Amino acid sequence: MLDVRRMILLREVKVRGTLAAVAEALGLSPSAVSQQLGQLEKSVGVELLRKTGRGVQLTPQAEILVTHASDILESLERAEADLASSLTSVTGSIRIAVFQSAALALLPDALRILRREHPELRVEMVQREPETALYETWARDFDLVIAEQYPGHAAVRHAELDRVHLTSDAIRLAVPHEGLPPVASLADTADLPWVMEPRGAASRHWAEQICRRAGFEPDVRFETADLQAQIRLIASGNAVALMPDLVWTGRVPSVQLLELEGKPRRSIFTSVRRAGANRPAVLACREVLERTAMQVAAA
């Protein structure tokens with residue numbers, strides 16, 4: 001009989017790439033992980049892992065076991081969701097990954113409502129960049145992710161994750177009221193200093209593309225993933241940037257906002273593993289987030 005726990009450990013190697021990463025994620029020592037996988041190899045009688053530099057490579061036989069381990073995990077998650085659905089209250093815990101502007105605009109009110117309406121539910125939130133958060137939700141580090149998608153830039157898709165639209169917001173050109181030459185359009189920023197998120201972020205890629213379509217390469221002098229830091233740089237007259245409207249929720253903009261050609265909008269969505277989509281905690285969080293997003297949009 002195959003040891004299911006060891007099969008799931010093998011899947012973790014597939015997901016995370018190294019024994020050290022698996023050990024860190026699961027709170028084990030690398031030697032303990034290696035020992036368990038060695039026992040699995042012994043029980044099946046075939047080689048499962050081959051060393052490749054600092055990492056390991058799964059053999060074709062290991063890939064077969066990983067596929068079955070994923071099926072087992074999905075089945076267990078569906079069973080947990082069905083069991084939780086039989087209860088009369090929403091209980092347990094749920095881990096949410098969210099990007100910064102959604103964390104600032106949506107989570108405070110959503111958490112307050114969840115605490116009032118579902119007091120037995122424990123909600124944990126971690127700020128993550130959307131691309132990373134989607135992967136980590138697929139890897140089972142999180143139960144629900146709030147992610148974003150920029151116009152013409154498709155967010156990564158994982159087969160085991162669903163996708164439900166939550167809201168959208170306009171993206172505008174943010175310029176200071178003073179400190180830089182007057183700006184009337186995107187083209188006027190060709191010679192001005194820009195602040196953007198680090199390379200690799202979807203927002204950075206989209207911002208660079210829209211500038212190039214306007215006929216110039218942006219002079220990105222400042223890089224930060226912190227939108228609050230970006231706003232301070234703009235308001236103080238040091239930079240310009242492209243800003244989504246969600247960052248201004250509950251406050252008056254401290255910068256001048258100009259419409260972009262075509263009035264582009266960013267899409268915001270939630271994703272969960274399909275096997276756990278009917279879990280009461282997930283349904284409750286999605287319902288409250290949708291309610292909160294509608295209130296923000298109407299404000």
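1. The largest cavity here has a volume of about 200 Å³. A cavity is a set of points on a 1 Å grid over the protein atoms alone where a 1.4 Å probe fits but cannot get out; its volume is the space filled by probe spheres set on the points, which are joined across faces, edges and corners. This is a predicted model, where local features need pLDDT of at least 70, side-chain atom pairs count only at pLDDT 80 or more, and totals for chains, interfaces and linings use all residues. Residues are numbered from 1 along each chain as its sequence is written, and side-chain values use heavy atoms, with hydrogens and water left out.

2. Who lines that largest cavity? There are 23 lining residues, with Y150, E197, S203, L227 and L242 nearest the centre (lining means having an atom within 4 Å of a point). Helix 8 (202-213) is among the elements giving two or more residues, as are helix 9 (227-235) and strand 7 (193-196). Helix 8 has the largest share, 4 residues. Helices (H or I, at least four residues) and strands (E, at least two) are DSSP runs, numbered from the N terminus.

3. The second largest cavity comes in at about 60 Å³. Helix 7 supplies the largest share of its lining, 3 residues. The lining includes P130, E131, L134 and Y150.

4. Now the open space. The largest pocket has a volume of about 320 Å³; a pocket is an open set with protein on both sides within 12 Å along at least five of seven lines. Of its 18 lining residues, E77, E80, A81, D143 and R279 are the closest to the centre. Helix 4 gives the most, with 6 residues.

5. Look next at helix 1 (residues 4-16) and helix 2 (residues 19-26): they pack at about 115°, with axes 8 Å apart. Helix 1 is therefore roughly perpendicular to helix 2 (the cut-off is 65 to 115 degrees). Axes are lines fitted to C-alpha atoms, for helices over the stretch in contact, and angles run from 0 to 180 degrees between N-to-C directions. On the helix 1 side the contact (heavy atoms within 4.5 Å) is made by L9, E12, V13 and R16.

6. Helix 6 (residues 107-117) and helix 10 also meet, their axes coming within 9 Å and crossing at roughly 130°. I113 and L114 of helix 6 and V288 and L289 of helix 10 are among the contact residues.

Notes. Parallel < 35°, antiparallel > 145°, perpendicular 65-115°, else oblique.
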